[in-house]
Structures are given as structure tokens and as C-alpha cells.
Amino acid sequence: MRKIVIAGNWKMFKTQAESEDFLREFLPHLEETPEAREVLLCPPFTDLNSLSKYLHGSRIQLGAQNVHWEEYGAYTGEISAPMLTEIGVRFVIVGHSERRQYFGETDSTVNLRLKAAQKHGLTPILCVGETKKQRDAGETESIITAQLDKDLVDVNQGNLIIAYEPIWAIGTGDTCEAMEANRVIGLIRSQLRNSNVSIQYGGSVKPNNIDEIMAQPEIDGVLVGGASLEPASFARIINYQ
Ligand code: PGA
């Protein structure tokens, strides 16, 4: 069964105090959210422990924004899977384009992180997507196929979420047309061994385009950056029509 998963990626935004302010306003909106929709927040590492306590007993799940492949070691600045699971984190974003672009993440480190996450019972959200230049050159399909081929070596497709995030649509307000996102996500699905993997769309998802995006048959949820930072806008997104 393909699950509907709506995730907020807070990136490097919100202190602990700000994240609790957010939740006070956001939580009441969940009363209107159909049970079948899984709602996830991926705050900075420093918020995870306090939010895990704050959210105990609520239906919001927590995700981290990255995970290292070793359990421990001399890896300054990194966080391991057991450190995340110990505090109740269940999901982790892996291979976000900002990690690939600014922090030298490669398909081979993405692959290591995916396998480590799964080994420790985390569900990874693998991000793939093309740049504007690649799209304009007609390379969207080949780029995504190559990313999937490399990233998914020996990865268990029974415990995986994929997010199609065209890089040109992230944080730009330039959303990919819903039908085009649906087409690419169908293409991604056709390359998987498990057709029940939930595949999200991400890139400038907003209250004014969520209904159209979620009406597409191949799209199983969204990964939301900017619009997940405001309680009212993220509430409108999880309560799409
Ligand atoms: P955006 O970010 O919604 O602000 O475009 C999406 C993402 O980076 O996951």
C-alpha cells in the first residue's frame, strides 16, 4: 500500500523556542487531518530531542535532515543513526540537493547513508532531481535514472520514501507543473523493484498549489520547505482537499 506522507523540512530554521511556538499553533489543525495522512516534521538536529518529548502521544512523526553511515567515530559535525533513534526519530532526509550542492554529498555517500538509516530502523526519504540546465538540455530522465541506479544499490525498497525535487523548483516559487511532476514520478516508479514505495513531490509546494499536486495519481505526498515554517500554511497543506 502506498502511504500518503507529508513532510516539513525546516532546513536551518527555528530554535527550540520557535519550534514550540510553531507547534502550539499547528497541533490543533491536526484534528481535521484524515488519519491516512502521515505528517512528519524534519527540524534541525538541536530541536529533535525537545520536540520528541513535546510530541509524545501526538501523531506527528519526527525526521532528521541527515545521518552518517557509521554508528560512532571521529566524524566531526556528523550525527549517527543510533543517536537519532534513541530520541524517537523515525525518518531521515538523505541526499537533499542542498547537501549535494553545498556540502559535497555524492551518490556514493547518499547510498551509504541510506543503508545505515535502514539498518537502524529509520525510514529514509531519498531526494532526487535535475537542475534547470539539465532539464533544458532534455536530460531530466537520464539524470534521475542515474541517481536512482547509484543511490539505491543494495537499498531495501520495502522501507523507503523517495522525493522528486527538481532543483530549479526549490525555494524559487517556480513550482513544477503538477502534471509534469506526476509524469516524472511515474517514471521513477517504473524504475523501482517495489511499486508501493511512496513518492513525494517537493519544490515550492504552497497552500495555493497543494490541492492540484495531490490530485495527481502518482504523487503520494509532498516534501515542503518554506511553506512548512508557518503553522497556518503547513496546516493548509496537510489538510489539502
Ligand atoms: P521549498 O523547499 O518548499 O522551500 O521549495 C523544498 C525542499 O527543499 O525540500
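Two strands are taken as paired if DSSP finds at least two bridges between them. In this predicted model, a closed barrel of eight strands follows from that criterion, in the order E1-E2-E3-E4-E5-E6-E7-E8. The pairing is parallel. Neighbouring strands of the sheet are turned by 25 degrees against each other on average, direction ignored.

Strand E4 covers residues 91-94. Phe 91 and Ile 93 lie on one side of E4, Val 92 and Val 94 on the other. All four are buried, and both faces of the strand are covered. In a regular strand the side chains alternate between the two faces of the sheet. On one flank, E4 pairs with strand E3 (residues 60-64) in the parallel sense over two bridges. Here Phe 91 is the bridge partner of Gly 63.

Strand E5 (residues 123-128) is joined in turn to E6 by four bridges, and the two run parallel. Leu 126 has Ile 162 of E6 as its bridge partner. Strand E6 spans residues 161-164. Ile 161 and Ala 163 point one way from E6, while Ile 162 and Tyr 164 point the other way. All of these residues are buried.

Four bridges also join E6 to strand E7 (residues 198-202), with the strands running parallel. Ile 162 stands opposite Ile 199, and Tyr 164 has Tyr 201 as its bridge partner. From E6 the chain crosses through helix H8 (residues 178-190) to E7. This β-α-β crossover is right-handed.

The structure holds one cavity of 30 Å³ or more. The volume of the largest cavity is about 40 Å³. Its lining is formed by Gly 95, His 96, Ser 97, Arg 100, Cys 127, Val 128, Gly 129, Gln 147, Glu 165 and Ile 167. Helix H4 (97-102) and E5 each supply at least two residues of this lining. By class, the lining divides into three nonpolar, five polar and two charged residues.

Notes
Residues are numbered from 1 along each chain as its sequence is written. This is a predicted model: local features need pLDDT of at least 70, side-chain atom pairs count only at pLDDT 80 or more; totals for chains, interfaces and linings use all residues. Side-chain values use heavy atoms; hydrogens and water are left out. Buried means under 20% relative accessible area, exposed over 50%, partly exposed in between (1.4 Å probe, protein chains only). A crossover is right-handed if, with the strands pointing away from the viewer, the path from the first strand over the helix to the second runs clockwise. On a 1 Å grid over the protein atoms alone, a cavity is a set of points where a 1.4 Å probe fits but cannot get out, and a pocket is an open set with protein on both sides within 12 Å along at least five of seven lines; lining residues have an atom within 4 Å of a point. Grid points are joined across faces, edges and corners, and a volume is the space filled by probe spheres set on the points. Ala, Val, Leu, Ile, Met, Phe, Trp, Tyr, Cys and Pro count as nonpolar, Asp, Glu, Lys and Arg as charged, and the others, Gly among them, as polar. Axes are lines fitted to C-alpha atoms, for helices over the stretch in contact, and angles run from 0 to 180 degrees between N-to-C directions.
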